[in-house]
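Dear colleague,

Please find below the structure for your review. My notes on its salt bridges follow.

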Amino acid sequence: MPGDICRHERFYRDVQGNWQRKYLLVLAGTPAGDVIYRLLTSRAHGRPTAPPCFHGLPYPGFYLGVLGGPLTADSWLDLHHADDYDGVDFAADLAGGPMRRIGRLPTPTPCLALDCVAAADDTTRQQEGCIRDARAGLECG
């Protein structure tokens, strides 16, 4: 569901071959059943806190603040491109695999984040359409 925050315990392997954890934000689904998402980061790397939606270089992002739970530092949504998550794999990973839902963005943040990601340079036209459709399904006002 758009706005869900998930923690993936085995998102990628580092140079030593160890699995690394990543947090991701679910944005929308595709007509094929895949999941559009973006990663969360606590590394500012020049990303501002205001305005929250930043499309500039070198690190575009959307400032989310401190989300709570295991996310105790300032967090940004990384607006760089991410391939859609295969829907079957996503469901399996969430059902009993290496990923679990840990929370949800508080209203109205999902609406603002969806607007920001939809307008990002690295968002494909298909992703933008799906994200805007998902936003229309939320009570964004």
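In these notes, buried means under 20% relative accessible area, exposed means over 50%, and partly exposed lies in between (1.4 Å probe, protein chains only). The model is predicted, so local features need pLDDT of at least 70 and side-chain atom pairs count only at pLDDT 80 or more, while totals for chains, interfaces and linings use all residues. Residues are numbered from 1 along each chain as its sequence is written, and side-chain values use heavy atoms, with hydrogens and water left out.

The structure contains 7 salt bridges, a salt bridge being a side-chain nitrogen of Lys or Arg within 4 Å of a carboxyl oxygen of Asp or Glu. Strands (E, at least two residues) are DSSP runs, numbered from the N terminus.

One of these salt bridges joins the side chains of Arg 104 and Asp 4, at 3.3 Å from N to O. Arg 104 belongs to strand E7 (residues 99-104) and Asp 4 to strand E1 (residues 4-13), 100 residues apart. Arg 104 is partly exposed, at 33% relative accessible area, whereas Asp 4 is buried, at 10%.

Arg 21 pairs with Glu 9, their closest N and O atoms lying 3.1 Å apart.

Finally, salt bridges with shared partners unite Asp 4, Arg 101 and Arg 104 in one network.

Yours sincerely

Note on methods:
Helix = DSSP H or I, 4+ residues; strand = E, 2+ residues; numbered from the N terminus.
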